[in-house]
Amino acid sequence: MNLFRIKKPFILIIFGASGDLARIKLFPAIYELAVQNRLPKNFYIVGFARTEKSSKEFQKEFADSIKKAHKDINQNLLKNLLAHVSYFAGQYTEQADFIKLRKYLNSLAKSNSTTKLAYFSVPPIIFKPIIKNLGESRFLPNEDLRLIIEKPFGQDAQSARDLFHFTARYFNENCIYLLDHYLGKSSVQSLLNLRHSNRLLNLMMKGPTVANIQITAFEKVGVEDRAGYFEQVGTIKDMVQSHLLQILALIAMSIPITENADSLHREKYAILSAMKFIESKKNIVLGQYKGYTKEKNVPKNSHAETFAALRLFIDRETWYKTPIYIRTGKRLREKHTFVVVELKKFAFQGKDEEPNRLIFELQPEEKLSICLVNKIGNETQSQEVTTKASIACSGDYCLPEHALLLLDVIRENRLHFLSFQEIIATWEIVDTISNFMKKNHMNPEKYADDSLGPNSQNNLTEMDGFKWFDRH
Ligand SMILES: NC(=O)c1ccc[n+]([C@@H]2O[C@H](COP(=O)([O-])OP(=O)(O)OC[C@H]3O[C@@H](n4cnc5c(N)ncnc54)[C@H](OP(=O)(O)O)[C@@H]3O)[C@@H](O)[C@H]2O)c1
């Protein structure tokens, strides 16, 4: 297996280097790249944040976060890696600090051709000042600077458009990598690989053959220490707007005829821009786990939804009247993310006969099952034929999502990043849902912690004569 190894020197500047995303995801991902010998001889990791500290102190934090994430540490490798790590304290809003940062970066890598990656590991409120200051402190207009911005992009379609126009004042679109870490998951990437390699699957996944599509993303954890953020967004904006609509697009799109990013973005956009929520309380169920208002920093009268189930449609001829059900929630019985494509039954098949199903398991297991119905003696039985959905640990798939996506930025592979148009399209559908919830003063119903969520989620599927597929 040919592994991609970075040859060219680069500098990775992590804005918000003192935060959760940096500590929990980015530092361990960089270590993983070092373990797999993917890093070049010359590279520099520069942490940037407001808190004053020395590079030595930052290196210790960097090492501690890696030790927390990995059981067996290669001490020598870690020591060598730390020699490439340094820290620069500054204000995100101060241009003078960015000019000093530029000088510091130039002192690290003398050559103008060194690739610079600016990772936005900060709350969205600080995106604009960093973009402006990075843009205005440029010494050379044609430097190779790439911006990696992690979702959420805006809070609605209007603010996302505004952010993109703002960014365009300083940077070309081809310098910007819009990241949804779900697209870095090997299980999600394997949706594309499986569809791209199997005509059998694509024949089954065409609108006229499909009875309904179900996407389930259940989390066992509650809000944990992200209450401040979660209270402002709720689960529809947090989970559905990007992660789950992206999964839907990968399932429902036509297969791109080339494996290049533009072609994929075009097909996903065709689905996302056609998504439709019919404004009726019958098409939405909101829930909140009972223990939510007892969580740290959650107001006692909070109406934030920690569970949502939606009934949507795709306004395209091929998907006409095929319901799409999406449900996601926190503090549920188990962590489980899976997609079910339920096929239509023959007209002569009995009501109680099980349909054919394609089940794409994304988390915690990665596998694809096809439910076939057969008669054993006189009895009709549904049997599953299962295959691994991805080669669990070979080649690039051994890497955590942030490491894979960092490699992709370096090799300028945009396949697993988002396009501006897709983001606007997903916000437009979420805006319609949010406005409907506001207009109708919808409050979430309570559901028991560690349950399967509110029972009323069944009304969504039952009105079409279907039921959620669960393995319980
Ligand atoms: N955490 C996750 O697992 C996760 C998952 C998916 C997406 N994201 C996204 O990734 C980004 C970073 O997430 P995070 O959890 O690491 O954020 P965070 O811990 O809240 O913030 C990161 C750093 O930004 C600085 N900061 C925080 N609030 C600030 C403010 N109001 N003004 C100026 N600086 C501020 C702080 O550093 P200093 O004070 O030292 O400068 C902080 O350590 C966010 O956009 C988040 O939505 C996070």
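Glu422 forms a salt bridge with Lys268, and their closest N and O atoms are 3.0 Å apart. The pair joins distant parts of the chain, with Glu422 in helix α12 (residues 420-439) and Lys268 in helix α10 (residues 261-272), 154 residues apart. A salt bridge here is a side-chain nitrogen of Lys or Arg within 4 Å of a carboxyl oxygen of Asp or Glu. Helices (H or I, at least four residues) and strands (E, at least two) are DSSP runs, numbered from the N terminus.

This is a predicted model, in which local features need pLDDT of at least 70 and side-chain atom pairs count only at pLDDT 80 or more, while totals for chains, interfaces and linings use all residues. Residues are numbered from 1 along each chain as its sequence is written, and side-chain values use heavy atoms, with hydrogens and water left out.

**Salt bridges**

The structure holds 27 salt bridges. Three of them are set out below.

| Pair | Closest N and O atoms |
|---|---|
| Glu422 and Lys268 | 3.0 Å |
| Asp20 and Arg23 | 2.7 Å |
| Lys276 and Asp315 | 3.9 Å |

Glu422 is buried because its relative accessible area is 0%, and Lys268 is buried at 1%. Buried means under 20% relative accessible area, exposed over 50%, and partly exposed in between (1.4 Å probe, protein chains only).

Asp20 and Arg23 both belong to helix α1 (residues 20-35), where they are three residues apart, about one turn of the helix. An α-helix has 3.6 residues a turn, so residues three or four places apart point the same way. Asp20 is partly exposed, with a relative accessible area of 37%, and Arg23 is partly exposed at 32%.

Lys276 forms a salt bridge with Asp315. This pair also links distant parts of the chain: Lys276 is in strand β8 (residues 275-276), and Asp315 is in the loop between β10 and β11 (324-329), 39 residues apart. Lys276 counts as partly exposed because its relative accessibility is 36%, whereas Asp315 is exposed at 51%.

Lys8, Asp144, Arg146 and Glu412 are linked in a network of salt bridges.

Gln59 sits in helix α2 (residues 55-69). With a relative accessible area of 16%, Gln59 is buried. Apart from neighbours within four places in sequence, Gln59 is in contact (heavy atoms within 4.5 Å) with Leu82 and Val85. Between Gln59 and Thr328 there are 269 residues in sequence and 38 Å in space, C-alpha to C-alpha.

In helix α5 (residues 127-136), the buried residues are Phe127, Ile130, Ile131, Asn133, Leu134 and Gly135. These buried residues pack against β1 (10-15), α4, β4 (115-120), β5 (145-150) and α6 (157-168).

**The second largest pocket**

A pocket is defined on a 1 Å grid over the protein atoms alone, as an open set of points where a 1.4 Å probe fits, with protein on both sides within 12 Å along at least five of seven lines; lining residues have an atom within 4 Å of a point. The second largest pocket holds about 490 Å³ of space. Its lining has 24 residues, of which Glu342, Lys345, Lys351, Gly465 and Phe466 lie nearest its centre. Two or more lining residues come from each of β7 (210-218), β10 (307-314) and β12 (336-343).

Key
Points joined across faces, edges and corners; volume = space filled by probe spheres on them.
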